[in-house]
Amino acid sequence: MTNTPQLKTALPGPKAQAIIARDKSVVSPSYTRGYPLVIERGYGSMVEDVDGNVFLDCAAGIAVNSTGHAHPDVVKAIVDQAHKFLHMSGTDFYYEPQVRLAEEIASIVPIQGGVRSFFGNSGTEAIEACLKLARYATGRQNIIAFFGGFHGRSMGSLSLTASKAAQRRGFGPLMPGVYHAPFPDRYRCPLGSTPETCAEACVDFIEHELFTHLVSPDEVAAVVVEPIQGEGGYVVAPDEFLQRLRELTKKHGILLVADEVQSGMGRSGRMFAMEFPGVEPDMIAIAKGIASGLPLGIVAARAGLMAWPPGTHASTFGGNPVACAAAIATIKLLKDQLVANAADVGAHMMSGLKELAGKHPLIGEVRGRGLMIGVELVRDRQTKERATDERDAVVSGAFARGLLVLGAGKNAVRFSPPLILTRAQAETAVAIFDEVLTEVESHRR
Ligand SMILES: Cc1ncc(COP(=O)(O)O)c(C=O)c1O
């Protein structure tokens, strides 16, 4: 097994081209495909395409393949469970893998005093469950979310999503009762505040603007926040922002929902990113990395809060036993080594990327936590003009050199590799990124 990309054909190769041509006539054109990768197999942090080209994966199926591709422990857990039974609907019957996973979740989420889990199949389903539970438990209707946030694409979660207008365009009217507040991006504070005061200004906006002019706090069921915005550009919420948000929500009996669909399951270098500010949310939405690639979404909530009676909410496939088995194996790997690896290799990669900022004027900011790293590209460091076309060129240029990365936000590149990434692989990724930046910058001169 190689640790460095190996390209054998022009990209896309002939087999990839043929599959893409077939895809074009039968698959929904709504999917965003940044570059023409057609995968045949994956191992560890490497993926091989149908033409035998090998890539270093710093995308991980959008931050999903937490334990890497086809980790033997996860595959074994899946196969063992598949031999026993594939489905029995945990909504109507009992099976141990679902109970065991709920016990594991209760032991790892940063919520004290008893935790219950609800099982769905995806991030958006987890958010829908959060919305329903928040309304049900509080008897209130309104929800506050943040600009730049991404929470999914079903009608309820889409109403919270405020990432790209194209994601909402043509689908209205969305769910009423949703209010959006500015997210504290310290690099470009939406309220024009300094990096030091941005967090405070954003909480003040909710308290003094939203609560004064638009919605009474006693009618707000929940605030839903990503501790690190994912699709929005890998923007880390300052600790003091999340701490003040917790104080404000507590004061008004509002639930705090942490959307850790992307930042959770060890990616930040802690099991959950909410651990950094030491803030205890009332509910956590989990998906993506939880089952190493099998579909699973979970809402973990304070036990006393998740007190809805039988029949109120359920999903046929939610908590599928094979996905639960994959999740249990994933959590073990995360606890044993991979959360620590994400912190260690993440810090190494971050310092490598920060060093690049010294020689590449395109780099405006390098930010993130653990192996959730965003590099924001700008045309001018003074004006911070967004380098959107350049970002797209960097993502495509990386692919052409065998490195898989994705864009995030308008002008950031995100590194979200499997959490098994080694230091040597991180260095390879940084070296390729360096080359691509040099090339893209040379076109601008
Ligand atoms: C923070 C966050 N929440 C929710 C979702 C929706 O998850 P899914 O695509 O599994 O529905 C995503 C997906 O990118 C996400 O990043």
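## A salt bridge to start with

K359 and D434 form a salt bridge, and their closest N and O atoms are 2.7 Å apart. K359 sits in the loop between α9 and β13 (363–369), while D434 belongs to helix α11 (residues 423–444), so the pair ties together parts that are 75 residues apart in sequence. A quick word on the term: a salt bridge is a side-chain nitrogen of Lys or Arg within 4 Å of a carboxyl oxygen of Asp or Glu. Helices (H or I, at least four residues) and strands (E, at least two) are DSSP runs, numbered from the N terminus.

Before going on, keep in mind that this is a predicted model, where local features need pLDDT of at least 70, side-chain atom pairs count only at pLDDT 80 or more, and totals for chains, interfaces and linings use all residues. Residues are numbered from 1 along each chain as its sequence is written, and side-chain values use heavy atoms, with hydrogens and water left out.

How many salt bridges does a search of the whole structure find? It finds 24. Here are three of them, K359 with D434 included.

| Pair | Closest N to O distance |
|---|---|
| K359 and D434 | 2.7 Å |
| R401 and E435 | 3.1 Å |

Are the partners buried or exposed? For that we need cut-offs: buried means under 20% relative accessible area, exposed means over 50%, and partly exposed is in between (1.4 Å probe, protein chains only). K359 is exposed because its relative accessible area is 52%. D434 has 16%, so D434 counts as buried.

R401 forms its salt bridge with E435. R401 lies in the loop between α10 and β15 (403–404) and E435 in helix α11, so this pair ties together parts that are 34 residues apart in sequence. R401 is partly exposed at 26% relative accessibility, and E435 is partly exposed too, at 44%. Elsewhere, salt bridges that share partners join R188, E365, R367, E376 and R386 into one network.

Now for R391, which lies in helix α10 (residues 388–400).

**Around the ligand**

Which residues surround the ligand? They are S122, G123, T124, F150, H151, G152, E226, E231, D259, V261, Q262 and K288, where being near means that one of a residue's heavy atoms lies within 4 Å. This shell divides into 2 nonpolar, 6 polar and 4 charged residues. In that count, Ala, Val, Leu, Ile, Met, Phe, Trp, Tyr, Cys and Pro are nonpolar, Asp, Glu, Lys and Arg are charged, and the others, Gly among them, are polar.

A backbone N or O atom of G123 lies 2.8 Å from an oxygen atom of the ligand, and a polar backbone atom of F150 is 3.3 Å from a ligand nitrogen. D259 uses its side chain instead: one of its polar atoms there lies 2.7 Å from a nitrogen atom of the ligand. On its own the ligand has 390 Å² of accessible area, and the protein covers 83% of that. Accessible areas come from the Shrake-Rupley method with a 1.4 Å probe; for residues, only the protein chains shown count as cover.

Most residues other than glycine have a negative phi, and most peptide bonds are trans. K288, which is part of the ligand's surroundings, has a positive phi of about 30° although it is not a glycine. K288 lies in the loop between β11 (283–286) and β12 (297–302), and is partly exposed, with a relative accessible area of 21%. K384 also has a positive phi, near 60°, and lies in the loop between β14 (372–377) and α10.

As for cis peptide bonds, one joins L11 and P12, with omega about -10°, and P12 lies in the segment before α1. Another runs from G172 to P173, with omega near 0°. P173 is in the loop between α6 (155–160) and β6 (178–181).

Definitions and conventions. Polar contact = N/O pair within 3.5 Å; in protein donor to acceptor, adjacent residues only side chain to side chain.
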